[in-house]
Amino acid sequence: MNSTVETRIRDRLDGKWLTPSQKAVWEAIQRFDGPPHRVINIYGTEGTGKTFVGWFLERINYSAYSVRSDMSKPLLSRLTLDNVLSDRTTTRELRPLVDKYDLQQIILLTRIRVDERAMPTFELRMTKDDLASFRANLYRHLQLTIPEDDYRNYKIALDKLS
């Protein structure tokens with residue numbers, strides 16, 4: 001992905017950047033906010049916007065964002081962990097972080113759904129409406145245009161920028 005464009009997007013990020021699918025996941029996160037839902041899972045294939053949602057949650061001071069679980073106590077009451085392995089052992093090892101850091105909730109971003117029946121999970125997909133919203137946001141906020149095509153994910157679309 002074009003890291004310069006990624007940085008520009010991250011610097012300007014607010015709720016207006018959310019695509020319809022990302023808005024739906026954000027609404028679901030709010031419905032399952034905190035106990036008894038101490039750990040929730042947002043999953044989707046590469047490039048569907050999971051990391052983007054994590055950045056958004058941090059930008060609005062809802063959740064600290066990290067790609068590492070071996071960190072110091074987050075400044076916010078929720079923690080979003082990105083690129084987490086979705087196996088049961090890994091996710092169960094992360095649960096004690098809730099008590100260790102006195103967190104309200106941990107949000108796991110994974111490529112595959114976590115196999116825990118009691119854990120709320122929300123799939124993030126990229127639809128044609130999402131792509132249209134993304135394309136419009138790129139132009140509206142950064143004056144960038146991606147070629148018309150049916151992209152499978154946002155990373156591929158951004159790679160088409162010259």
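**Helix, sheet and chain**

Modeller: Helix α3 (residues 50-59) is mostly covered, with seven of its ten residues buried; helices (H or I, at least four residues) and strands (E, at least two) are DSSP runs numbered from the N terminus, and buried means under 20% relative accessible area, exposed over 50% and partly exposed in between, with a 1.4 Å probe and protein chains only. The model is predicted, so local features need pLDDT of at least 70 and side-chain atom pairs pLDDT 80 or more, while totals for chains, interfaces and linings use all residues. Residues are numbered from 1 along each chain as its sequence is written, and side-chain values use heavy atoms, without hydrogens and water.

Colleague: Which residues of α3 are buried, and what covers them?

Modeller: The cover includes the helices α1 (3-12) and α2 (20-31). It also includes the strands β1, β2 (64-66), β3 and β4. The buried residues themselves are K50, F52, V53, G54, W55, F56 and L57.

Colleague: Which residue just after α3 takes a positive phi?

Modeller: The place to look is just after the helix, where phi is about 60°. The residue is N61.

Colleague: How many residues of strand β1 are buried?

Modeller: Strand β1 covers residues 39-43 and is largely enclosed by the rest of the structure. V39, N41 and Y43 point one way from β1, whereas I40 and I42 point the other way, and all are buried. The number of buried residues in β1 is therefore five of five.

Colleague: Which strands are joined to β1 by bridges?

Modeller: Two strands pair if DSSP finds at least two bridges between them. Five bridges join β1 to β4 (residues 105-110), running parallel, and N41 has L108 as its bridge partner there. Three bridges join β1 to β5 (residues 121-123), also running parallel, and I42 stands opposite F122. The strands asked for are β4 and β5.

Colleague: What is the relative accessible area of T80?

Modeller: T80 is found in strand β3 (residues 78-81). Leaving aside neighbours within four places in sequence, T80 is in contact (heavy atoms within 4.5 Å) with G54, L57, S63, A64, Y65, S66, I107 and L109. T80 is buried, and its relative accessible area is 0%.

Colleague: How far apart in space are T110 and S86, C-alpha to C-alpha?

Modeller: T110 is found in strand β4 and is buried, with a relative accessible area of 0%. Beyond neighbours within four places in sequence, its contacts are N41, I42, Y43, G44, K50, V84, L85 and S86. T110 and S86 are 24 residues apart in sequence, and their C-alpha distance is 6.1 Å.

Colleague: How many helices and strands does the protein chain have?

Modeller: From the N terminus on, the elements run α-α-β-α-β-β-α-α-β-β-α-α. The chain has seven helices and five strands.

Colleague: What is the radius of gyration of the protein chain?

Modeller: The radius is taken over C-alpha atoms, and the globule rule is 2.2 Å times the number of residues to the power 0.38. With 162 residues, a compact globule would have a radius near 15 Å, and the value for this chain agrees. The C-alpha atoms fill a box of roughly 45 × 30 × 25 Å, taken along the principal axes. The radius of gyration is 16 Å.

Colleague: What percentage of the residues in the protein chain is buried?

Modeller: Among contacts between residues at least 6 apart in sequence, 72% join residues at least 24 apart. Of the 162 residues, the buried share is 48%.
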